[in-house]
Structures are given as structure tokens and as C-alpha cells.
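Reader: I'd like to learn how to read a model like this one, feature by feature. Could you walk me through it?

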Number of protein chains: 2
Amino acid sequence: MSPADQYPHIYPLTRPSVLAAHALVKPHIHHTPVLTNTTLSTLASTPQNKEALKGTQWEGQEPAKPKISLFFKCENLQRIGAFKVRGAFHAVIQLADREGEGDREKGLEVVRGRGVVTHSSGNHAQALALAARTFSIPAHIVMPSISTPSKIAGTQAQGATIHFSGSTSQEREAVVDKVIKETGATLIPPYDHPDIIIGQGTMAVELQAQAEALIREDKALSVAEGKEELDAVIAPCGGGGMLSGVSIALQGTGIKVFGAEPSFQGGDDARRGVEAGKRIESVKTLTIADGLRTPLGYWTWKFISKKDYVAGLYSVTEQNIKDAMRLVLERMKCFVEPSAVVGLATILYNEDFRRMVEREAGNKGWNIGVVFSGGNTTVEAISQIFKPESEVEAQREEGVVGRDGKKEVENVAA
Amino acid sequence: MSPADQYPHIYPLTRPSVLAAHALVKPHIHHTPVLTNTTLSTLASTPQNKEALKGTQWEGQEPAKPKISLFFKCENLQRIGAFKVRGAFHAVIQLADREGEGDREKGLEVVRGRGVVTHSSGNHAQALALAARTFSIPAHIVMPSISTPSKIAGTQAQGATIHFSGSTSQEREAVVDKVIKETGATLIPPYDHPDIIIGQGTMAVELQAQAEALIREDKALSVAEGKEELDAVIAPCGGGGMLSGVSIALQGTGIKVFGAEPSFQGGDDARRGVEAGKRIESVKTLTIADGLRTPLGYWTWKFISKKDYVAGLYSVTEQNIKDAMRLVLERMKCFVEPSAVVGLATILYNEDFRRMVEREAGNKGWNIGVVFSGGNTTVEAISQIFKPESEVEAQREEGVVGRDGKKEVENVAA
């Protein structure tokens, strides 16, 4: 079976379908704010210090001089602390509509009898558990038994049944198969599914409308000269469900969509895959941006590999992510997880991106929407991330931790 | 000279004066949001576990069962990251109006020739520097030479002249006197001044209006039964400038005002002083709530010691502050400094407060406004605060740090 057959969907993957999805999920999600921040827009519009480029691939080059106004979509303030509820609610509602052949209540009865299942130790698990609970559907979540206790507790608090597995993909899939055999539950995958992709795309519809309302209404706001629209949106790319959805949502608007990834240990698999013209199917990185450790899937590759959907992919270092995260925490006073800031890190520190904006936007500058994807981190994780490198080295020698202080398995779906 | 003669003011300390001050400062400050949070309101309305009361003065007692809806005034999102800009702008504008005998431009010319000065290593320093810069007034900030580099840099970035001093009150005041003698600058104290008190009070006017708008407009919001108003406001109390201002601002509204303090090393000086009927003039605490290490002043005592202004004062432990801070960071995704959460900590963990609410509010419950006073902390300070106690003990034995990882001087004005 091809993935297309495995996951039938009854609508085209287009902006109108995202708008329809938005109407479906809107009653169940928060309309998260879009914030601006003078300090960060000014910083983005200030050339980097030549010193800062030393040791990078841009050493010795003249720093770019883009003009940028930033609009932050705060999905860290979304229900369960991340955008994932959009896709989860959309998938559950679409599943009911399909099962009931358009009669949602009838379909929900069917789905209630079987349940839904997913394998995830992250935000998608909690999102699906919440969506299922909302419609009184049993949810089965397969998690590696080494998952952090707070994630297990968070998912249990949403009323889901946890099934523990080993930590490899094979071990997790075996448990999923067992659950499906025993219960008839439907698999709702974390990102590589049209329902999920279209659901996540709903955030772009809001971001566009909110940013443009801010530009119209707040005359004190410094924005791209003579423009009342967004020029671009940049979003983090892990499995690519959200980036694909955003790129579909903004088709025909003239707003360019960019993806941002961590470069650490090959975490920039989407960028490398697109460059090589072939999807990279396995990634093994312990980047601190732990929501972005996954490779693209069958569906997400279809969109992300096309220039008219995603105009470019850029990557940033662990230090770039840490620097951007510090700015967002300490200056914007927003509590975000590391994965959330790779877009901002790209804007501030990636000279290829900055030069591209300078070239394309010219003197007028660009209004850029930046997706803060989630805020599910802890004070302990933050302590670990900002620990002086000397202490981290000592821990690493003891074999205690990965880059973010956790022993993590590869390809854990976010 | 009595403090009253030293700081003449030309208006009564009443709600109408706060409303007038609000009109003066409004163009210069952010209208910070008031947020609600279902998780935290639910937690506040859930009796504490009996286990949690072990080892406290409430051990063995039946946990209180108050019903509470929370409305958070996010002054961590204020300019310079704290409410202090309200008082600083108000003081500078009032000074100009007094010097020009009502002709502000004429007064500003006089003030520009002399400058303003304060002694502070904290948020007030940056607030005064910003207010002064806005009106092209030279600002002199006296800081202990051991102040953290980020605070020094932050104040310099606002264009102020830094004067270093020793770290005792006497040493700092000596440098202030020297600056005044040399420049004719006017002292703008950090909290004990009518202009500052009335300026800080402006936040209560906004909080009241915003909370009541939320209650009217958001029908899904869980609020006190049949009520469209706030019942109470709780605010942190250090030097007491903000708490006094809030208590004046809410006179005649029927909204009760409460103050919250850290109990560590006698940091609850206001509560103890009011209980004893006599102001405590010196405090020496290294509480993690570093904005609240100061004793009340001449003016702030006048209001805080009166029951019809401040209905009650409550204190919380360091652990309570840490627990509340973790909730605000990890669950609300708001970046706050420890001082900001003592009000919430009181609501969640102080059984005297909780029993009082249960008694006064009965089955209907209370809508409580909670002031998040500021967000000026760093990832390093957070790492230090949430460090396992074992590591802190080791550092303490080495004499490296106080409770928050910094060597701090006593009575440093926030």
C-alpha cells in the first residue's frame, strides 16, 4: 500500500482546504496572539558584527544589511503548549466525518468504539490525547519506556492509555500494530498525513490576518516601507507537517515560505535532501531543538521539495539556537522551547538568509512572520542548555547526557 | 526636614490623582495585557494536599477550599521589563510641571540643565534612565561597583551616566550627595515618593478595567458566580511603592488590596511591622525575590499600615516562590522574575490567605487580580534558582553565592 492509500483524504491539499479546516478546529483551539518586539526587529535590521562571523562559512565577508520587521505567532501559548493540537483536532474530526460518510455524530460513534493510536513521546501525544478526550474517544499512546516522567504524566493527565515500548522505530511500530489489532484503533501519525498537514496550516491563516491587522492599526509600528502585508513566513522544520501546511495555506497570497532547521549532526536533512533532489529518510541528531530531530515523510517531502511551496531552507548552529532562545526569554519574556526559535535564529544569524532578504527586499525591507512553534520545556532543560560548556563536557565524558541533558532515541516524532 | 518637605507634591494622594497620572504616563508606557489561565485558576481553586502542609504552620489542619479566578497583569511585558517605568515617567513629568509652575516645557528646560539622579542597581535605574532620555534630561545613576555587568550595561544603554559607589546605603548616599552638589540634579528615589507611588498605582486602573472587560466579553471564562468585577488585587511588597499606589488607586472601588512578601530571613518586614504597629526600617535578606529585599519607607508605611488601604499582608517561603515561578514559566509560558510571583505563591500556598478567601467569598468565589511585577531575570539566574539543593550547598560552603547565585548587598532598592 502506498501512504496515499493508507491515509485516504477527501479534499485537495490547497488553501481552501486549510480555510475549511480552520473553521473545523477553531472552536477547540486558542487564537494565539501575534506579537511584535522593537528590540528584536531592530536587531534583525542591524548587520552582524564581522567578529561574529569568524569561524563561520561567512568569515571575512561583508555582513548583510537587510531591513526586517518581525511578527511572532505565539503557538507556545496554544493549548498543550504547542501548535500540534491543530493537526490533532483536524485529524480526529476528519476521521469521524469519513467514518460517518459526512454524518459526524454517526462517525464519532464508530470512532469511539475503536479509538485512536499514535507513537510519540512529545507534543503530538498530548495533542491527540486532548482531541480524543474532547470527543470521548479512547486514545492509545505508544511511548518509549525511557520517556521523561513529565511527558508520561502530561499525556496520562489527558486521559490517554499509555503503552510502553522499546525506543527504536521498529519496537514502537510493533506495539502500535498490536494495539490496532486488539482495539481496531486508527493510527493518527504525528506529521506525515494530509489531515495533520492541513490542520497545522491553519496557523498561517491566523498569522497572516493578525500581522496585517497590526500593520494597519498600529501606526507606531515600524514596518516594511509602504507595505500592508507580510512578505514572508519562516517556520521550523522537523518532520515537516507544519511547514508543509503553512506552505499550502499561503499559496496564492504572494507570501514566501521558508523553513529553518538545526544543522547539528545532520539535523538539516530537509535542506540537504532538497539540495540533492532526494528525500533523506533517516536522521540521527541530538540537537537541542528536540522537536526537529525527525526526517521528512512521504507527504511532507512532496511540498517541501517544491520551490513554489517552500522558497528556501536554512540551517543554524546550536549556538545560534541558544542565542536566539536567550533573546526570546530574556528580552521578549516569552517562554519557548529550543525548536521554536530556529526561525528567528535563521533571521538573526544566517548570512545566506539575511543576504537573500537584502537582495529581494531592497530598501523597503520585509515584514516576516515567525512561527514560535511551542513552549514545552522545563527550567531543568533550560539550566542544561545554558550550562557553561565546561560542565557539559564533564557530563558528556561521564556519558550521562546528550546535548540537551537527556538520553534521547533517534527519530522520536515530536 | 521631614520627608514630606523634602519631596513636595501638589496633589492629594487619591484615586483621582492616579487617574490624572495615568493620562500623563500613558503615551510613554505599554498597555500591558491581562491574561487568564485555566490551569492556574483551577489549581488555586483546588485544596492543597494535606501532605503538602506537613512541616508548615498549617500541619494537620484541614486545607482551605477557596474558589478563585485569576487575572494576571503582565508588567513583565512593560517597557524595560518592569512596572517601574510608570513611577519614573510620572516623577519626571511632575518634576517638570513643578519647576515650570505648570508650564511643562519651561520646567523641562530647567530640569534639563540640572539632571536627575537615583541610587539603584535594579529596575528603577533603567526606568529613570529611559524616562530621562525621553525628555533629553541627563540621568545620573549611582550603583554599587559590584553590580552585575548586565545591569550596568542595561542602564548605560539607556544613555545614563553611571557613578560607582561602595555597597552600603551610606556609601551610596554619599555619592548621590556628591552628584547633587556638582550638578544640581534632583533625586528621584526608587519608591518612597508620592510621584512614584501615584505613578505605580496607574497599573491598578488598567488591571481593573481589563479584568472587567474580560469577564464581560469572554463568556467561556470561569469567574466568580454572578460577579462582573474584581474582588481583590494582590501585589508584591518590597519598598511598597507599587502596593501603596495600587491601594490608593482602588480606594472606593470595593476591591480589596493585599500585599505579598517573602518570609526568608525576615523579608516579610511590612507584615511584621504592621503586626507590631511600628515600621521596620532595616531588612537584611537574600531572598530569591531580589526586588523585595527593601524595607518600607516613610510614605509607603502611611498607606500599607492602614487596613482600609491594604487589607492584609501575607508571606511565602522560598520554596513557594520557586514552585509558583515554575508554574508561570512552564505552564503559562510567561517569563517572570522571582519577585513577580509572590502574589500567586500566596494564593496557591498560604493557607491563611486561602482560608480568608474561603470565608469572605463563600460559594461564589473571588475574582483576584495578580500583579506580575517584572521579568528581568536571566537564564543563568533561573539555573541557579532551580539548581538541586545539594549543588547550592556546595557553592555556599565555598562562599560563592547567596540564595540566588549572586553576592548581594543589603537594602538594594529595586
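Reader: Let's start with the open sheet in chain B: in what order do its six strands run?

Author: Ground rules first: this is a predicted model, so local features need pLDDT of at least 70 and side-chain atom pairs count only at pLDDT 80 or more, while totals for chains, interfaces and linings use all residues. Residues are numbered from 1 along each chain as its sequence is written, chains are lettered from A and ligands numbered from 1 in the order in which they are written, and side-chain values use heavy atoms, leaving out hydrogens and water.

Author: Helices (H or I, at least four residues) and strands (E, at least two) are DSSP runs numbered from the N terminus, and two strands pair if DSSP finds at least two bridges between them. In chain B the order is β1-β2-β10-β7-β8-β9, with mixed pairing. At the edges sit β1 (34-35) and β9 (312-316) of chain B, each pairing on one side only.

Reader: In which sense do β7 and β10 of chain B pair?

Author: Parallel: β7 (residues 232-236) and β10 (residues 366-372) of chain B are linked over three bridges. For a spot to look at, B:Val233 stands opposite B:Gly369 in β10(B).

Reader: And which strands of chain B does helix α11 lie across?

Author: For contacts, the rule is heavy atoms within 4.5 Å. Axes are lines fitted to C-alpha atoms, for helices over the stretch in contact, and angles run from 0 to 180 degrees between N-to-C directions. Helix α11 (residues 269-276) of chain B lies across β8 (256-262) and β9 of chain B, at about 135° to β9(B).

Reader: Over in chain A, how many residues of strand β7 are buried?

Author: In β7 (residues 232-236) of chain A, five of its five residues are buried. A:Ala232, A:Ile234 and A:Pro236 point one way, while A:Val233 and A:Ala235 point the other way. β7(A) pairs with β8 (residues 256-262) of chain A in the parallel sense over five bridges, and A:Ala235 has A:Gly259 as its bridge partner in β8(A).

Reader: What is the strand order in the four-strand sheet of chain A?

Author: That open sheet reads β5-β4-β3-β6 (chain A), with parallel pairing. β5 (161-165) and β6 (186-187) of chain A each have a single partner strand, so one side of each is left without a neighbour in the sheet. Further in, four bridges join β3 (residues 116-119) to β4 (residues 139-144) of chain A, with A:Val117 opposite A:His140 in β4(A). Helix α6 (residues 123-134) of chain A lies across β3 and β4 of chain A, at about 170° to β3(A).

Reader: How about helix on helix: at what angle do α4 and α5 of chain A pack?

Author: Angles under 35 degrees count as roughly parallel, over 145 as roughly antiparallel, 65 to 115 as roughly perpendicular and the rest as oblique. Helices α4 (residues 84-99) and α5 (residues 104-114) of chain A pack at about 105°, their axes 7 Å apart, and are therefore roughly perpendicular. Among the residues that meet are A:Ile93 and A:Leu95 in α4(A) and A:Leu108 and A:Val111 in α5(A).

Reader: Last one, on loops: where does A:Lys333 lie?

Author: A:Lys333 is in the loop between α13 (318-331) and α14 (342-349) of chain A. Its phi is near 60°, a positive value in a residue other than glycine. At 7% relative accessibility, A:Lys333 counts as buried. B:Ser136 also has a positive phi, near 55°, but at 52% relative accessibility B:Ser136 counts as exposed.

Methods:
Buried means under 20% relative accessible area, exposed over 50%, partly exposed in between (1.4 Å probe, protein chains only).
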